[in-house]
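Subject: A model to look at, with notes on its pockets and cavities

Hi,

Here is the structure I promised to pass on. Please open it next to this message and read along.

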Amino acid sequence: MIQIFFAKELGFCWGVERAINLAAKAKNDHPGEVTILKEIVHNRQVVDFFKQKGVGQAESLDRIDTGTLVISAHGLSPRLKKEALAKGLRIVDTTCPLVENVHIFTRQLINDGYKVILYGEPEHDEVMGVMGIDGKNIHLLAEYDDIDKLPKFEGKVALITQTTRGVRAFEQVSARMKEIYPDIKIVNTICDATDKRQHAIHDLAPNMDMVLVIGSLSSGNSHRLRDIAKQHCGKAHLIDSPEDIDWSWFDSCRKVGITAGASTPSFSVEQILKALHEKVGIDLANSDARIFEYKSFAGYRDVQPAS
Ligand code: SF4
């Protein structure tokens, strides 16, 4: 009999819940077009949900000329915010306050004369928002192996990070940067939700035969959870819905760990659990009892999977 075990921390974080609720409220409160710039959070089913509710989505500000602009949980560069205001758009800003902190620290460091190295994913919306603060004094570091490709900086140097990067990877980057710049100022802006979900999978994965990480391909933090799980148990898959599962994965598995990214709604988890029950006979009642405590998010209860 296959058993499932949940990571101690998984699924929606408060910043994601907050963003979804603010976007939903914007649709209810404001007449006219309401358009989200990019994805409100990086989850396909949440994005589809808003489309079904009649909320527009645009990949660039050029495509939004009237009504209400919703800034996603990942934030926006100050230049684009100004452009939106100049266009006369009403702005509903759902930027997670912890992403906002990265903006605040970065601005403060630049004002204090630092060159800022941002450890982040090059195309991530949060990273593009922070990079947009200053075209000259912020340098992107995508991976540890790129450290030696950075310019050699004179004067004050600081290291800061995207909120959802790998905790241990950031420690390694920090240690190496400290060797190069002994006086470097290191500001750890990895958020608590990321930290807790990563620690939980570090704890769970070594005891599992396989880990399923529920989240969308666009979700960076879900990728990180999959990578951590894979390091520990060798077999980990990122899945968005039951269709992504290859049922042969379960051959010779007895213990299956489950986690979900910070932007993964509870109904995605429930869909997967239902499929596991039907296809491989996982006995939910005799698995981890916390399944019954895994609630739908509080603020916007009528979110349902897109049909
Ligand atoms: S993952 Fe962290 S930074 Fe991103 S929305 Fe959640 S709490 Fe905010």
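First, some ground rules. This is a predicted model, so local features need a pLDDT of at least 70, side-chain atom pairs count only at pLDDT 80 or more, and totals for chains, interfaces and linings use all residues. Residues are numbered from 1 along each chain as its sequence is written, and side-chain values use heavy atoms, with hydrogens and water left out.

**Overall picture**

The protein has nine helices and 12 strands; these are DSSP runs numbered from the N terminus, with helices being H or I of at least four residues and strands E of at least two. Its C-alpha atoms fill a box of roughly 60 × 55 × 25 Å along the principal axes.

Of the 307 residues, 53% are buried. Here buried means under 20% relative accessible area, exposed means over 50%, and partly exposed is in between, with a 1.4 Å probe and protein chains only. Among contacts with a separation of 6 or more, 73% are between residues 24 or more positions apart; a contact means heavy atoms within 4.5 Å.

Three domains divide the protein: domain 1 (3–12 + 193–293), domain 2 (14–95) and domain 3 (98–190). The bounds come from an automatic or database domain assignment. The centres of domain 1 and domain 3, taken over C-alpha atoms, are 31 Å apart. Eight residues from domain 1 and nine residues from domain 3 take part in their contact.

**The largest pocket**

The search runs on a 1 Å grid over the protein atoms alone: a pocket is an open set of points with protein on both sides within 12 Å along at least five of seven lines, a cavity is a set where a 1.4 Å probe fits but cannot get out, and lining residues have an atom within 4 Å of a point. Points are joined across faces, edges and corners, and a volume is the space filled by probe spheres set on them.

The largest pocket has a volume of about 320 Å³. It has 17 lining residues, and G166, A169, R224, D227 and Q231 are the closest to its centre. The elements giving two or more residues to this lining are α6 (167–180), α7 (192–204) and α8 (220–233). Which of the elements gives the most to the lining? That is α8, with six residues.

By class, the pocket lining has four nonpolar, seven polar and six charged residues. Ala, Val, Leu, Ile, Met, Phe, Trp, Tyr, Cys and Pro count as nonpolar, Asp, Glu, Lys and Arg as charged, and the others, Gly among them, as polar. Domain 1 and domain 3 each supply at least three residues to the lining of this pocket.

**The cavities**

There are four cavities of 30 Å³ or more. The largest cavity has a volume of about 290 Å³. Of its 23 lining residues, C13, V16, H74, T163 and T164 are the closest to the centre. Two or more residues come from each of α1 (14–29), α4 (97–111), α7 and α8, and α1 has the largest share with three residues. This lining divides into 11 nonpolar, 11 polar and one charged.

The second largest cavity has a volume of about 50 Å³. Its lining includes I36, K38, F50 and Q57, and α2 provides the largest share, four residues.

**Single residues**

Most residues other than glycine have a negative phi. K38 is partly exposed, at 23% relative accessible area.

S252 also has a positive phi, near 60°. This residue lies in the loop between β11 (236–239) and β12 (255–260) and is exposed, at 75% relative accessibility.

Best wishes
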